[in-house]
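Thanks for coming, everyone. Please take a look at the screen before I start talking.

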Amino acid sequence: YEWRVATGVNNDILRVYYKVGATGGWRLLQTYNFIQRTWRDFQIALPSEALQKDVYIAFEGLSRWGMGVCLDEITVEETGSLARTLNEAVTEAVTNDAIPNGTSNNPILCTRLKVLGNIGNAVLNSIKVNATATNISDITRVKLFTTPDPSFNTANQIAEGTLSGSSVTLSPNYALPTGYTYLWVTYDIDANAKSGNVVDAEIPASGISFNGSTYANATINSPG
């Protein structure tokens, strides 16, 4: 579990490393570089070369005038061979800042997907997005992005499409890794959208298709 909070200039950074053997070189497993104000569990799948008796794991905290990095309940677990499954899909908050007209890739909804297991594929087949808006024609494009942490960026776009009426089903057929993936729904906004208009998005119950089965017992709608 990890907890961090930012003050001053920047948040602190946590890096996780491993090495094989006492004389082996340290290799970076994961970097966490975002604000985390509450305890939250994170999972890291060890690479195959680290599945040996003589393996070392290290945690490095980099201070950038934040309030430090807190870790608790660190467990190294041998699970055997488990098929990858989608364990949870929960809502994450997004910004409620004003969206300028004529802009692209504005995050509207975020859901955190948790995948368990270490063998087989964990394929995100499709996502249904229902849109609401003061004027639905303000939404010119709907896109899906993923990130490994709750900080949005556009490095990994996995699908896009346009609304049919007020909904769209996007089909990324994207293989999810073990652990957490943050899935972002973004809108491109028409250049002629009027100031004060509102847009929103939701994933309805059973709106996620994963390995051919539907998920989400309830509607997912980010605050903001």
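Predicted model: local features only at pLDDT ≥ 70, side-chain atom pairs only at ≥ 80, totals over all residues.

I'll go through a sheet, some charged pairs, one threonine and a few aromatic rings.

Residues are numbered from 1 along the chain.

Let's start with the sheet. Which strands form it, and in what order? There are five, and the order is β6-β7-β13-β9-β10. The sheet is open, and the pairing is antiparallel. Look at the edges now. Those places go to β6, residues 85-92, and β10, residues 157-161. Each edge strand has a single partner, so one of its sides has no neighbour in the sheet. From one strand to the next, the twist averages 20 degrees.

How many bridges join β6 to β7? Seven, and the two strands run antiparallel. Strand β7 covers residues 106-116. To find your place, take Ala-89: its bridge partner in β7 is Leu-113.

Next, the charged pairs. The whole structure has six salt bridges. I'll show you some of them.

Begin with Glu-49 and Arg-27. Their side chains meet in a salt bridge, 2.5 Å from N to O. Glu-49 sits in the loop between β3 (27-32) and β4 (55-62), while Arg-27 belongs to strand β3, so this pair ties together parts 22 residues apart in sequence. Are these two buried or partly exposed? Glu-49 is partly exposed, at 31% relative accessible area. Arg-27 is partly exposed too, at 46%.

Now back to β6 and β7. A salt bridge joins the side chains of Glu-88 and Arg-112, at 3.0 Å from N to O. Glu-88 is in β6 and Arg-112 is in β7, so here the pair ties parts 24 residues apart in sequence. What about burial? Glu-88 is partly exposed, with 22% relative accessibility. Arg-112 is buried, at 10%. The cut-off explains the two labels: buried means under 20%.

Leave out residues up to four places away in sequence, and Arg-112 still touches a list of others. Among them are Arg-40, Ala-89, Val-90, Tyr-180, Thr-181 and Tyr-182.

One more salt bridge: Asp-188 with Lys-143. The closest N and O atoms are 3.3 Å apart. Asp-188 is in strand β13, residues 179-189, and Lys-143 is in strand β9. That links distant parts of the chain, 45 residues apart. Asp-188 counts as buried, at 10% relative accessibility. Lys-143 is buried as well, with a relative accessible area of 10%.

We stay in β9 for the threonine. Thr-146 lies in this strand, which spans residues 139-147. Is Thr-146 buried or exposed? Buried, with a relative accessible area of 6%. Which side chain makes a polar contact with the side chain of Thr-146? That is Asn-156, at 2.6 Å.

Last topic, the aromatic rings. The structure holds three aromatic pairs. One of them is Phe-210 with Tyr-215, and the geometry is edge-to-face. The ring centres are 5.7 Å apart, with 90 degrees between the planes. How do the two compare in burial? Phe-210 is buried, at 2% relative accessibility. Tyr-215 is partly exposed, at 28%.

Find Tyr-215 in strand β16, residues 213-215. Its contacts beyond four places in sequence are Leu-86, Ser-206, Gly-207, Ile-208 and Phe-210. Pick out Leu-86. How far is Leu-86 from Tyr-215 in sequence and in space? They are 129 residues apart in sequence, yet 8.4 Å apart in space, C-alpha to C-alpha.

Phe-145, Phe-152 and Trp-184 form it.

Over to you for questions.

Conventions:
Heavy atoms only, no water. Helix = DSSP H or I, 4+ residues; strand = E, 2+ residues; numbered from the N terminus. Buried < 20%, exposed > 50% of the residue type's maximum accessible area, 1.4 Å probe, protein only. Polar contact = N/O pair within 3.5 Å; in protein donor to acceptor, adjacent residues only side chain to side chain. Pairing = 2+ DSSP bridges. Axes fitted to C-alpha atoms, helices over the stretch in contact; angles between N-to-C directions. Salt bridge = Lys/Arg side-chain N within 4 Å of Asp/Glu carboxyl O. Contact = heavy atoms within 4.5 Å. Phe/Tyr/Trp six-rings, centres within 6.5 Å; stacked < 30°, edge-to-face > 60°.
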